[in-house]
Amino acid sequence: MSSPLRQSTPAQEARRAARELAVQGLYQWQMTGKSITAVEAEFRSQIADEDLEDHENWHKVMEIADKALFHDLLNNTANNRAELDAAIAPLLDRRLEDLDRIELAILRLGTYELSRRPEVPYRAVINEGVELAKIFGATDGHKYVNGILDKLASRLRGAEVAARRR
């Protein structure tokens, strides 16, 4: 994750934009019951709205997003929901159904990346999840997301986590 002293590269910004769109798409999918294909098509065809904040303006975010990553994250997170939920549920202090829907979308996305995208360092997955929760989630939702993703990283990427902590 970029620190205040280090500027993000265009590739990092493209990946962050893809994750932002994926979380918003997963949230929409969860809330509307539309197919994930329909949700993706809607995001890709969005018209610019200058009255929205930049992170809410899907068109502006889509312009810089890594579109292949957006497609991968959105579709594979949705298509593997049952497996992802099974990994998340034992770590929760409440039922999965009782989670805030945006936090659930972020946790599903993070779980997908931890379990299926080993090329992404576990710390990057956690940091991205926390940042997404700060942008879209409830006031302290990022703390909850951080705790769950940290526990998941230990379970799903134990060797990588252990090597980092030495």
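The crossing of helix 6 and helix 7 is right-handed, a term used where the near helix is turned clockwise from the far one by less than a right angle, left-handed being the anticlockwise case. The structure is a predicted model, in which local features need pLDDT of at least 70 and side-chain atom pairs count only at pLDDT 80 or more, while totals for chains, interfaces and linings use all residues. Residues are numbered from 1 along each chain as its sequence is written, and side-chain values use heavy atoms, with hydrogens and water left out.

Axes are lines fitted to C-alpha atoms over the stretch in contact, and angles between N-to-C directions run from 0 to 180 degrees. On the helix 6 side, the contact (heavy atoms within 4.5 Å) is made by Ile102, Ile106, Leu109, Gly110, Glu113 and Leu114. Helix 7 contributes Tyr122, Val125, Gly129, Leu132, Ala133 and Phe136. Nine of these contact residues are nonpolar, two polar and one charged (nonpolar: Ala, Val, Leu, Ile, Met, Phe, Trp, Tyr, Cys and Pro; charged: Asp, Glu, Lys and Arg; polar: the others, Gly among them). Glutamate 119 lies in the loop between helix 6 and helix 7. At 53% relative accessibility, glutamate 119 counts as exposed (over 50%; buried is under 20% and partly exposed in between, with a 1.4 Å probe and protein chains only). The C-alpha atom of glutamate 119 is separated by 16 Å from that of aspartate 66, 53 residues away along the chain.

Helix 5 (residues 81-88) also packs on helix 6, their axes coming within 9 Å and crossing at roughly 95°. This makes helix 5 roughly perpendicular to helix 6. Arg81, Glu83, Leu84, Asp85, Ala87 and Ile88 of helix 5 meet Leu104, Leu107, Arg108, Thr111, Tyr112, Ser115 and Arg116 of helix 6. The contact of helix 5 with helix 6 comprises six nonpolar, two polar and five charged residues.

Helix 1 (residues 10-32) and helix 4 pack at about 35°, with axes 8 Å apart, and the crossing is right-handed. Arg15, Ala18, Arg19, Leu21, Ala22, Gly25, Leu26 and Trp29 of helix 1 make contact with Leu69, Phe70, Leu73, Leu74, Thr77 and Ala78 of helix 4. By class, the residues of this contact are ten nonpolar, two polar and two charged.

One aromatic pair is counted, where rings of Phe, Tyr and Trp (its six-membered ring) pair if their centres lie within 6.5 Å. Phenylalanine 43 and phenylalanine 70 form this pair, with 6.1 Å centre to centre and 35° between the planes. The arrangement is tilted, as planes under 30 degrees apart count as stacked, over 60 as edge-to-face and the rest as tilted. The pair links helix 2 (residues 36-44), which holds phenylalanine 43, to helix 4 (residues 67-79), which holds phenylalanine 70, 27 residues apart. Phenylalanine 43 is buried, with a relative accessible area of 1%, and phenylalanine 70 is buried at 0%. Asparagine 75, also in helix 4, is buried at 11% relative accessibility. Beyond its neighbours within four places in sequence, asparagine 75 is in contact with Ile36 and Glu40.

Methods
Helices (H or I, at least four residues) and strands (E, at least two) are DSSP runs, numbered from the N terminus. Angles under 35 degrees count as roughly parallel, over 145 as roughly antiparallel, 65 to 115 as roughly perpendicular and the rest as oblique.
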